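Dear colleague,

My notes on it follow directly after.

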Amino acid sequence: MEKRGGMATNNSVPLAVQLSGIVKRFPGVIANDGVNLIVRRGEIHCLLGENGAGKTTLMRILYGLYQPDEGEVLLHGQPIRIGSPKAALANHIGMVHQHFHLVPTLTVEENIVLGLNEGTGPFLQFKKTRQKIRRLAEEYGLQVDPGAKVWQLTVGQQQRVEILKALYRDADILIMDEPTSVLTPQEVDGLFGTLRTLVAAGLTVIFITHKLNEVMEISDRVTVLRKGKAVATVNTPETSKAELARLMVGREVIFNVEKKPPKLGEKILDVVDLHALNDRGLPALRGMTFDLYGGEILGVAGVSGNGQHELSEVLTGLRKATEGRAILEPHDLTECSARTIADLGVAHVPTERIRVGTVPTMSIRENLILKSYRSSAFCKWSILNEKAAYENACKAMKEYEILAPHDGTAVGNLSGGNIQRLVLARELSGSPKFVVAAHPTYGLDVGATEQVREVLLKQRDRGAGILLISEDLDEVFQLSDRVLVIYEGQVMGIVPAEEANLEEIGLMMAGSHREEVTS
Amino acid sequence: MMKTPAWIQIDRRPSPSGLTVFAISVIAILFALVMAGLFFEFYGVSALRAYGYIIKGAFGSRLGLTETVRGMIPLLVIGVGLVVAFRALFWNIGAEGQLLMGAVAASGIALFSGIPSPWLIPAMFLGGFAAGALWGVGPAILKAKLGINDVITTLMLNYVAIYTVHWLILGPWKGLTQRGFPYTDRFPTAAFLPMLGGTRIHLPTLAIGLVAAAVMYFVVKKTRVGFEIRVVGENPDAAKYAGISQTKITVLAMVISGGLAGVAGVGEVAGIHHMLFNPSSIALSYGYTAIIVAWLARRNPLAVILTSFLFGVIMRGGDVIKISLGLPFQLVNVFNGLILFFLIGSEIFVRYRVRFGTKKETA
């Protein structure tokens, strides 16, 4: 690649980081597709994007954890190759990961000096270390007891240790990967205070997030990533949440699916005041109420982590509701097991189709009967009917265009699109009356995406009620007959698709009720 | 275009072929043989000569061969059960204790039940199966309901079983005709298992082992329950998603696994010793060795027939090197350890294809 040392800029502000044309491929995915990013010295620069947009991958390249397949990294105007985190640190780049890398049984100061060649010979000099930690802590408002064991600290305090670790190594560029996802609102305020002190002292902060509020509150500039590409870089004061939402999810309609007007059937699902906890035991659903009719697609729009995942699990029996009902006449789904719900004709296309929706080491044939293996069609006197399973596989592979050498191929060998077609083939085989489809096209290529959408529309036209959970607003707009916006486990409003506009939905996704938006 | 240098490239191998797995297992055993050979050399015995003796001792005579099969029987019966437990992702390290509890139940029935002769032996096998299963089900329930680590509970129950046997043979079951030795009385002859003429091969246990291997192969591969066991073992999240009860499957797998270990215990007391005595002389670490047997069989119940025979040879080899070369029998444990070490190490080569060199241009 030609040398472009002094990339032309019309700006007098010195640049901390320039990434140009960064490409990073993983088997089957392009995580970064020619990304350009310019971060000025002394600013808080947000990287905004949905899950899977390539934010973390890009920063891992800057931190030396990944090597780019193509592209160039410039640090303070000089081209550089960062081969490892060690090299990154040597160049004063620090990163605080979403999941902390601390040794819980060691003390704060032990964690901070871990891996450094401090002291004389094999001995550590904690007195000097402790002084430096104290000084840094005081300077930047990172109060934490250097002698405390890490396991005794709160999550917020552990994050401070991570930041101190980077500062102790003289980082002047600090990458924070979704730092607020684990914090309480008060801790977030503290963190933001610290970050402002850091930039005031001349450091540069790159802040990865998918939360619009945070971008508006903390950043000087923001670069929006979408599907592996940087779509825009804007000055924060000159933008709005609505504009960012639009940039983040993309406005242009790529796909043209033919959608007939809905033929509404009877009400099939009645959800009333549904509450549930997330895996950490915190409230995830906080009183959701909505209904769903046969022959319609109800799209659930929202920024990820606002209860969508928990909602899909509660409705399919994988998570217990703490309060409320979900009536699928005549049953209350909150009182049924996953097996009963499946037998009632509820199909579930799960968020994590590989980790949850399939058994990767087992064959296509066996995965296709994962839910129906007990039925008389596939099992007689406790013995599986392999011929029936084989015929079922042949039919499904043909109908859903699952491309594989044969029905005995392990599912783990298939591409993402083929796996999703397999999951759809299995879930939709019994003509379900209610379908929960979570991120059905996430990570799929254009062709597969279109196909999946067509399949869902076909089910709707057949009369099934479909709950479509997606972070892809294009998809929600295209497929849904009504759009439900979810924010922190609550329904912000339900908008008929023809009345919905992106700006309004974007504001509701950021936590405004529909009444506030429309008035 | 850039070319990324990479010294080692590792790719997933989602479904390794049977041949690959077999070849990798054989290579692992060869590595263990070479390493164990070094130990022979340390003792001043040529490794080749030692292996020659072992092969001759295990196959060279009728006595050698039948003794090899004798050692193979408990390993086969336990190993088949362990394969089932491992397939359901339950790490049963407690076959040693389950074997002993099976032996205890068989001894109790033989000595005290008064069941008439044609029914006595079947009753002992049933009782042994039930006792072993009971010993295995506890940890299964603890794991499924409370998330308590299965390795620890099954392992600890081994010691409970060992001391239970000690207590019985020193206390309530101490034989009146054994001149104060810590043995139970000898079983009535109706409780002796039929043997292959003039050998120590107890036929019923061997038959149970062979049938169990075939049946479990069929169950795992072709039946509804086997399907559920595989789904739970391969991807517990998918099992939950498909509405399969992990508790039910874990308990079932441990009934089979513990029960078969119990059956092995019945075979040892009713076929070989005809009494209950020192637990370590009855169990002979079969319960631990069978873990390696099951591991080497790579989740295939039928393959256990082969791998248990291999370990029968190794155990027989221990006798041979003790008698012919004056080396300690414990070298067998060293050898077993080495095999397990290399087998577990080879696991990565089964699941991943590792290549050395430079990555091809991707674009």
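In what order do the six strands of the open sheet in chain A run? The order is β16-β19-β20-β13-β21-β22, and the pairing is mixed. Strands pair if DSSP finds at least two bridges between them; helices (H or I, at least four residues) and strands (E, at least two) are DSSP runs, numbered from the N terminus.

Before the details, a word on conventions. This is a predicted model, in which local features need pLDDT of at least 70 and side-chain atom pairs count only at pLDDT 80 or more, while totals for chains, interfaces and linings use all residues. Residues are numbered from 1 along each chain as its sequence is written, and chains are lettered from A and ligands numbered from 1 in the order in which they are written.

The sheet in chain A

The edge strands of the sheet, each pairing on one side only, are β16 (346–349) and β22 (490–496) of chain A. On average, and with direction ignored, neighbouring strands are turned by 15 degrees against each other. Axes here are lines fitted to C-alpha atoms, for helices over the stretch in contact, and angles run from 0 to 180 degrees between N-to-C directions.

Strands β13 (residues 297–301) and β20 (residues 465–469) of chain A run parallel and are joined by four bridges. Leu298(A) stands opposite Leu467(A) in β20(A).

Helix α9 (residues 308–315) of chain A packs on the sheet, where it touches β13, β19 (434–438), β20 and β21 (482–487) of chain A. Its direction makes about 150 degrees with that of β19(A). Helix α16 (residues 502–509) of chain A also packs on the sheet; α16 touches β13, β21 and β22 of chain A, and its direction makes about 30 degrees with that of β21(A). Contact means that the C-beta atoms of two residues, placed from the backbone, lie within 7 Å.

The contact between the chains

In chain A, 29 residues are in contact with 20 residues of chain B. On the side of chain A that touches chain B, α10 (338–343) and β18 (383–384) of chain A each supply at least two residues. The most comes from α10(A), with three residues.

Backbone features

A cis peptide bond, with omega about -5 degrees, joins Glu329(A) and Pro330(A). Pro330(A) lies in the loop between β14 (321–328) and β15 (331–332) of chain A.

Asp170(A), although not a glycine, has a positive phi of about 60 degrees. This residue is found in the loop between α5 (155–168) and β7 (173–177) of chain A.

Yours sincerely
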